Amino acid sequence: MRIQPRQQIIDIWTALVRSAMQDGKWSWGGRVQPNSISDAEQLLCIMYPASVLPYFKVDLPDETSEDVALPLAGLGNDVIPQMIVDLISEYLEAYTGEDGTPLFGGGSYFHSAEEGKDPTSAQLALNVVDSFSMSVSLMLSTIGFLRTFRSVVRDPGRVVRLESLEQQASKRLTAAMVGLLRSFTVNAFLPDSPQGLNLLRSVNQADASKTQVADDLHYALREVRASVRDFTIGSGQTGKLENTRLLFEVGWSWGVVKDAPPIDTPADVGRQPEGYAQDAPFLYFTVNALDGIADLFSPRTVVLRLLDEEQQRLAQALRLRWQLTQNYWSAIATFGDRRWPLEDIPWRTTDGEESDYYSLLITSMVVQELESSQAPDDRIRRLSAVLEELAQRGRITRRATTGDWGVRFHSPGTRIGLVGTEKAGGPPLLWQVYDYSAVLLKRTLQLAELARNVSLQDKLIALTDQVWDHLLLRQISSGPSQGLWDQPGNVYPQLEPDESGDLPSWYLTERIIECMVVATELLSASTLQSPRLFDYARDLLNEADRLYDYEVLKGLAAEGGGLRSELERARRNLIRARELLSDRPGTSVAIAMEVLRFLDQQELARKDADRHTIADRGVL
């Protein structure tokens with residue numbers, strides 16, 4: 001794999017500090033004005049790898065590697081954790097209201113759908129799922145960081161400040177979880193409605209009757225339907241599914257859904273705002289919600305006990321929705337026993353929109369679902385083919401032509417209409433996403449880690465190399481932000497120059513960081529065993545064992561001097577090679593070869609000695 005995640009993260013940190021530190025002070029914002037999501041993404045570029053990868057620990061100064069500490073030294077404080085504490089404090093202060101309510105507004109990430117009309121201040125403050133999801137990841141990283149750093153702080157005043165920050169971070173985490181629960185939705189509709197017909201058309205890959213497809217779909221989703229009825233808190237509670245004729249879809253809207261009830265919680269989460277979002281799932285926000293929720297029950301969260309009792313209750317409710325959503329979309333995407341609906345690119349949503357980007361999002365949820373199950377090779381192989389086609393259609397592994405539609409996934413990106421934002425008093429708003437390449441890279445890396453077949457994993461890694469080469473070309477090529485993202489014009493010259501092209505996009509850069517974390521996990525996983533290599537290593541070891549035993553049988557091991565110690569060394573090497581046979585057969589081969597070479601040299605030396613003896617006798 002050409003990705004070298006450790007060096008890449010260090011390089012990104014170096015570029016990040018160079019870009020963000022202006023006149024000795026941290027500068028929030030980049031390509032857009034600061035908002036609760038972009039600033040979280042900027043912090044997560046440091047906090048995420050520092051919290052989940054042991055190689056990048058920065059919470060204990062004495063245990064921080066020199067090459068990791070070097071790029072962060074530019075933050076301007078001899079104690080790196082203290083500077084990070086200051087940044088966390090700035091973030092929490094900026095996105096907490098005067099009444100103490102955590103703020104999750106989309107801000108400058110909102111765009112007006114009507115030319116000449118700007119979003120109103122009330123619209124810019126609307127809560128959005130991306131802010132909830134990013135806050136979950138950032139606050140979990142923050143709480144773990146603060147607890148560890150506090151353990152080595154001796155100044156009582158600083159200890160009190162760290163405890164106060166942890167309480168603020170915990171409050172924001174709880175509020176984000178409440179927001180996610182109020183943004184979940186179950187959208188039910190009749191099979192003969194436009195939504196129902198679009199869904200049936202998408203899943204019907206065998207040209208069966210609508211009645212038959214609807215019946216089969218009801219059966220495939222029976223467990224999801226039954227579980228939805230068990231919801232007791234948050235939005236998504238609906239009695240409509242009591243009507244078994246209804247089809248449905250589940251997931252997250254763009255924000256708190258209209259008429260979502262407040263969450264009854266003893267925790268102080270501040271004011272729970274009114275919902276405006278359409279009561280229907282959006283694929284983009286659903287995938288992002290799933291990514292953030294997964295951090296709530298990661299091994300690190302469990303081991304460090306980062307959640308209090310009330311947060312654990314909320315996390316269980318979110319986990320139920322997390323599992324059901326993955327199960328639902330995986331069942332829809334792979335429905336039937338012929339061609340999968342997912343393989344019929346592009347994906348068509350229930351509101352009739354079609355896009356390769358939606359196919360990529362559906363693929364993401366299927367990959368996420370496979371991570372919690374034992375994925376068969378055939379399923380991984382078919383998903384691999386989908387990702388490969390999406391890479392081609394997105395003009396990542398194929399050359400783009402003039403006016404090529406695939407370029408639009410990267411610039412200006414996919415525009416998502418946020419139905420309901422106009423009810424907050426202003427024009428309808430859009431959400432613009434251009435993470436096609438980063439999402440493709442992340443899901444391909446995750447699928448490669450799931451693969452249990454060497455050739456299949458090699459194929460997936462080859463695809464990650466191609467996507468990574470594409471993303472490397474899109475790095476900002478000059479200025480303080482050199483080495484960050486994004487300049488798609490470097491790859492697609494037909495694009496018009498972007499006025500903000502030399503400013504960093506924390507939106508995309510943070511997603512690259514996520515990819516580096518996944519790449520690290522892939523490299524850290526056990527190497528897949530090739531059956532042929534295993535058989536080869538075993539045969540070599542059998543021969544080496546037999547030849548070694550023959551040497552011992554002849555009594556050479558009893559001889560003194562260097563030969564005896566060399567034979568003992570060969571014995572230890574054979575034992576080591578046997579220990580490595582299952583997990584690292586290639587290394588076992590190398591050790592066996594060394595032993596075989598040594599034994600062959602002994603045999604040659606003995607034959608030479610015998611010839612000299614015979615020759616000497618002939619002379620006598």
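Predicted model: local features only at pLDDT ≥ 70, side-chain atom pairs only at ≥ 80, totals over all residues.

Thr 325 is buried, because its relative accessible area is 0%, and the cut-off for buried is under 20%. Thr 325 sits in helix α13, which covers residues 309-333. What is Thr 325 in contact with, leaving aside its neighbours within four places in sequence? The list is Phe 184, Val 250, Gly 251, Trp 252, Thr 286, Leu 290 and Met 365.

Strand β4 runs over residues 184-189, and β5 runs over residues 247-252. The two are antiparallel, and 6 bridges join them. One place to look is Asn 187, which stands opposite Glu 249 in β5.

Stay with β5 for a moment. How many of its 6 residues are buried? The count is 6 of 6, so the strand is mostly covered, going by the under 20% cut-off. In a regular strand the side chains alternate between the two faces of the sheet. In β5, Leu 247, Glu 249 and Gly 251 point one way. Phe 248, Val 250 and Trp 252 point the other way, and both groups are buried. Val 250, Gly 251 and Trp 252 are among the contacts of Thr 325.

Now to another set of strands. Here 3 strands form an open sheet, and the pairing is antiparallel. In what order do they come? The order is β3-β9-β8. β3, residues 110-112, and β8, residues 414-418, stand at the edges with a single partner strand each, so one side of each has no neighbour in the sheet. From one strand to the next, the twist averages 45°.

Let us go through the pairings. Between β3 and β9 there are 3 bridges, and Ser 112 has Leu 429 in β9 as its bridge partner. Between β8 and β9, which spans residues 429-433, there are 5 bridges. On that side, Thr 414 is the bridge partner of Val 433, and Leu 418 stands opposite Leu 429.

Which residues of β9 are on its covered face, and which on its uncovered one? Leu 429, Trp 431 and Val 433 make up the covered face. Leu 430 and Gln 432 make up the uncovered face.

Next, a few backbone details in the loops. Most residues other than glycine have a negative phi, and most peptide bonds are trans. There are places here to check against that.

Start with the peptide bonds. Ile 345 and Pro 346 are joined by a cis bond, with omega about 5°. Pro 346 is in the loop between α13 and β6, where β6 is residues 347-348. That is the α13 that holds Thr 325. A cis bond also runs from Ser 411 to Pro 412, where omega is near 5°. Pro 412 belongs to the loop between α15, residues 377-393, and β8.

Then phi. Arg 395 lies in the loop between α15 and β8, and its phi is near 55°, a positive value in a residue other than glycine. Is Arg 395 buried, exposed or partly exposed? Its relative accessible area is 23%, so Arg 395 is partly exposed. Asp 259 also has a positive phi, near 65°, and is placed in the loop between β5 and α11, residues 283-294. Asp 259 counts as exposed because its relative accessibility is 66%, where the cut-off is over 50%.

Finally, the chain as a whole. It contains 21 helices and 9 strands. The C-alpha trace spans about 115 × 70 × 55 Å along its principal axes. Of the 620 residues, 53% are buried. Among contacts with a separation of 6 or more, 74% are between residues 24 or more positions apart.

The chain exposes about 27,800 Å², with 48% of that supplied by carbon and sulfur atoms. As for charge, there are 64 positive and 85 negative side chains. How far apart do the centres of the two sets lie? They lie 4 Å apart.

Conventions
Residues numbered from 1 in each chain as written. Heavy atoms only, no water. Pairing = 2+ DSSP bridges. Helix = DSSP H or I, 4+ residues; strand = E, 2+ residues; numbered from the N terminus. Axes fitted to C-alpha atoms, helices over the stretch in contact; angles between N-to-C directions. Buried < 20%, exposed > 50% of the residue type's maximum accessible area, 1.4 Å probe, protein only. Contact = heavy atoms within 4.5 Å. Areas by Shrake-Rupley, 256 points an atom, 1.4 Å probe, with all protein chains shown as cover. Lys, Arg positive; Asp, Glu negative; His and termini not counted. Charge placed at Lys NZ, Arg CZ, Asp CG, Glu CD.
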